[in-house]
Amino acid sequence: MESLTNTIQAVPLNHYILLSTIIFSIGVMGVLLRRNAIVIFMSVELMLNSVNLLLTAFSVYRGDAAGQVFVFFIMALAAAEVAVGLAIIVMIYRNTNSIDINVLNRLKW
Amino acid sequence: MSTFYFIAFLSIFFSILVISAKNPVHSILYLILTFFTFTIHYILLNAQFLAIVNFIVYMGAILVLFLYTLMLINLNKESEPVKPFMVKIAAVFGGGVLAVALVSSLKLIGASEPVVLKDPGLGLVKNLGKVLFNEFLLPFEVSSVLLLSAMVGAVLLATKDPKEPKATI
């Protein structure tokens, strides 16, 4: 494990922020791009994970364990959100026979 | 050092495939690969507890939930309409503008110091458990209430209403 962690010694913090930015933007694009509600949920998971990685990198950079505890809480929150959200999607599918989000446009405006 | 860039390339590649795959099942499988690269990132950062929790919670629990839901609701070609081309262009443009804005604001900060592991025991279970149960004891207990309420809510939402005989499943 020591030799493994030596491989990160020269990675600048900026590159972690850059990676997280790119993946967060890909998640935003996925939310805007797709109409399948489940794929939109997966894009939200991508965004949450990019923030998790960034928090971990900051936590290692500062030598503070609180960031990794935050990541733990975000994971618990994501699990709860996915359970409730997928239950809502199943309910919508039962009522409308579709998970196209354009069916839900009564929520618009 | 080059390990990080290789894994970072892989995570960007697979996350692009997640949002561009036509079939939602393929999307989920690519999402599993993306989360696996995130686990490797955590191992490289010596956050071993987070690596294992990421492996178990995301790849084990959440993605199985996604797959079950997707197989439960029986998608076919008609239920997967595509957006018009202009809307796709606008979506990619909007995400690209967000990325460019964030990256250019990052450029203003200038060069950064490398991520050096000062304390090798930082991400281990022993250290994290001490922090979690000393400073974050109340949020930890509140998150248990959150998970319980989410479970009860999911069961209530997904249970079929017995008064409606014309439910279609």
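How many helices and how many strands does chain B have? Please go on from there to the surroundings of Gln68(A) and to the cluster linked by ring pairs.

Analyst: The model is a predicted one. Chain B has six helices and zero strands, and its order along the sequence reads α-α-α-α-α-α. Of the 169 residues in chain B, 33% are buried. The accessible surface of this chain is about 10,100 Å², and carbon and sulfur atoms account for 75% of that area. When contacts between residues at least 6 apart in the sequence of chain B are considered, 54% of them connect residues at least 24 apart.

Gln68(A) belongs to chain A, where helix 4 spans residues 66-96 and includes this glutamine. Its relative accessible area is 1%; because the cut-off for a buried residue is under 20%, Gln68(A) counts as buried. Leaving aside residues up to four places away in sequence, Gln68(A) touches Thr56(A), Ser59(A) and Val60(A) in chain A, together with Ala47(B), Leu50(B), Leu122(B), Gly123(B) and Leu128(B) in chain B. With one of these neighbours, Ser59(A), the glutamine also makes a polar contact, side chain to side chain, at 3.3 Å.

The aromatic residues come next. Two quantities describe a pair of aromatic rings: how far apart the centres are and the angle between the planes. Over all chains, the whole structure holds 13 aromatic pairs. In one of them, Phe72(A) and Phe73(A) have ring centres 6.0 Å apart and planes at 50 degrees, so this pair is classed as tilted. Phe73(A) is itself buried, at a relative accessible area of 16%.

A pair within chain B has another geometry: the rings of Phe133(B) and Phe140(B) are edge-to-face, with 5.1 Å from centre to centre and 80 degrees between the planes. Phe133(B) is partly exposed at 44% relative accessibility, and Phe140(B) is likewise partly exposed, with a relative accessible area of 24%.

These residues also belong to a wider group. Ring pairs join Phe70(A), Phe72(A) and Phe73(A) of chain A with Phe49(B), Phe133(B), Phe136(B) and Phe140(B) of chain B into a cluster.

Methods
Residues are numbered from 1 along each chain as its sequence is written. Chains are lettered from A and ligands numbered from 1 in the order in which they are written. This is a predicted model: local features need pLDDT of at least 70, side-chain atom pairs count only at pLDDT 80 or more; totals for chains, interfaces and linings use all residues. Side-chain values use heavy atoms; hydrogens and water are left out. Helices (H or I, at least four residues) and strands (E, at least two) are DSSP runs, numbered from the N terminus. Buried means under 20% relative accessible area, exposed over 50%, partly exposed in between (1.4 Å probe, protein chains only). Contact means heavy atoms within 4.5 Å. Accessible areas come from the Shrake-Rupley method with a 1.4 Å probe; for residues, only the protein chains shown count as cover. A polar contact is a pair of N or O atoms within 3.5 Å; within protein, one must be able to donate a hydrogen and the other to accept it, and residues adjacent in sequence count only if both atoms are side-chain atoms. Rings of Phe, Tyr and Trp (its six-membered ring) pair if their centres lie within 6.5 Å; planes under 30 degrees apart count as stacked, over 60 as edge-to-face and the rest as tilted.
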